[in-house]
Amino acid sequence: MSTRYAIILAAGQGTRMKSKLYKVLHPVCGKPMVQHVVDQVSKLNIDEMVTIIGHGAEKVKAQLGDKSQYALQESQLGTAHAVIQAKGTLAGKQGVTIVVCGDTPLIEAETMEALIKQHEAMNAKVTVLTAATDNPTGYGRIVRNAEGHVEKIVEHKDATDQERSIKEINTGTYCFDNKALFEALEQVSNDNVQGEYYLPDVIEILKKQGEIVTAYQTGNFEETLGVNDRVALSQAEQIMKNRINESHMRNGVTLIDPTSTYIGADVEIGQDTVIYPGTVVSGRTVIGSDCVIGPNSEIKDCKIGDATTIRQSVAHDSSIGSNVNIGPFAHIRPSSDIHDEVKIGNFVEIKKAVFGQGSKASHLSYIGDAEVGKDVNIGCGSITVNYDGKNKFLTKIEDNVFVGCNSNLVAPVTIGKGSYVAAGSTITNNVPEEALSIARARQVNKENYVQKLNLKK
Ligand code: UD1
Ligand code: CA
């Protein structure tokens, strides 16, 4: 196998997106477009990858990290000019170079692998990935000669009416002989409607030199969709969403209604988990097996064990164990660590709290900045009073505590192991182990009070 290089084009502003966010950083199913591309390219055993950056250079670099090298294109004079920026790193090296646009987020490794394979088999200097579509507007067109061989690529804006009727388009993905690429780039001019240096012109240049120029047509146009505006972005989102949902279903996850289920590109879900409609699972979430999620739940960056149920609830940046029962209408806020067999019931909000195994907060509670031990029962309406307006304080509730309904636990405070807090208490001091703490006014019953009031009238 020859040495493999990759060049990712990601320097453009993306004017047609009409956005403050640089085009290639727009997410598709929660992941920036350019990251999708780099993740797929990374599967191809690439020896050196160079990403061309310009607009938003630092942000693109921060996104991709050290998976790629970078070359800066200071002004965006076109796709050929972009590729030339990799000269310092790659020119003169022996091998094949795959060039991919950062705005084609649906491209898959298998297709690029097939492209490289054909390129090598044909001993070509360039192989362009093409696709057929009934609506080729905006794309470069593949112009073939009478024998059906690729002659050149014409950009939509430069094309004649006859050329515009061609339905075979340039997907913007190519495989080049690396040396031939950098030599041919020197000859690209900007003599066209847009005054840009077009990478596709390399095809015509190599063809005229008598080199082997070929095309590899994929049957799947969808995969090559180029995202230039928000309409295409929403199409890419749809296609990616279907692809992700389908792969989970094939892996043994039940999606009751895939059309209303949104699963991020990097989410992992175990077998026999069932996801109900209206559910959004995103970020680096990992869900185990046999869980029931939804309907109408939002889960982001959570790690969830097996056989856990989360109904009509929101959970972010937290760890949730196995056999946990959450909701309906619960809110698990960041940095919560909910162990196995916990129950978090309706209208309960948890923030930055550890919940030990078997503990319960079944109704209407706020538990924030807290360490709750095992088998604790937090009664309806009880809350941690964690904030004095300036600072947050910790509440510790040790194993086997029973907190009666409607209690306020004013932090910092520790409720000792096995103790009881009487309903309606406002606890400001630590409660010793095994104690009963009552912190409320005693009840006074005024006998016949109503009668006395009536006599005064
Ligand atoms: C390009 C192709 C077109 C093809 C289409 C496929 C050219 C001239 N045209 O058109 O034939 O059908 O892709 O989607 O190549 N970029 C840079 N620096 C630049 C210009 C662009 O890095 O100076 C990057 C952009 O960030 C983008 C990619 O190159 O990721 C493609 O540029 P774009 O302007 O979107 O090209 P298209 O008009 O879509
Ligand atoms: Ca494009």
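The secondary structure of the protein chain comes to 10 helices and 39 strands, where helices (H or I, at least four residues) and strands (E, at least two) are DSSP runs numbered from the N terminus. The radius of gyration of the chain, taken over C-alpha atoms, is 31 Å, well over the 23 Å that the globule rule gives for 457 residues, so the chain is more spread out than a compact globule; that rule is 2.2 Å times the number of residues to the power 0.38. This is a predicted model, in which local features need pLDDT of at least 70 and side-chain atom pairs count only at pLDDT 80 or more, while totals for chains, interfaces and linings use all residues. Residues are numbered from 1 along each chain as its sequence is written, chains are lettered from A and ligands numbered from 1 in the order in which they are written, and side-chain values use heavy atoms, with hydrogens and water left out.

**Overall dimensions**
- Along its principal axes, the C-alpha trace of the protein chain spans about 110 × 45 × 40 Å.

**The surroundings of ligand 1**
- A polar side-chain atom of glutamate 155 lies 2.6 Å from an oxygen atom of ligand 1, and a polar side-chain atom of glutamine 73 lies 2.7 Å from a nitrogen atom of the ligand; a polar contact here is a pair of N or O atoms within 3.5 Å.
- The protein covers 91% of the 760 Å² of accessible area that ligand 1 has on its own, as computed by the Shrake-Rupley method with a 1.4 Å probe.

- Most residues other than glycine have a negative phi, and most peptide bonds are trans.
- A cis peptide bond, with omega about 0°, joins glycine 327 and proline 328, and proline 328 is found in the loop between strand E24 (325–326) and strand E25 (331–332).
- The peptide bond from alanine 411 to proline 412 is cis, with omega near 0°, and proline 412 is placed in the loop between strand E35 (408–410) and strand E36 (413–415).
- Aspartate 301, a residue other than glycine, has a positive phi near 50°.

Notes:
A polar contact is a pair of N or O atoms within 3.5 Å; within protein, one must be able to donate a hydrogen and the other to accept it, and residues adjacent in sequence count only if both atoms are side-chain atoms.
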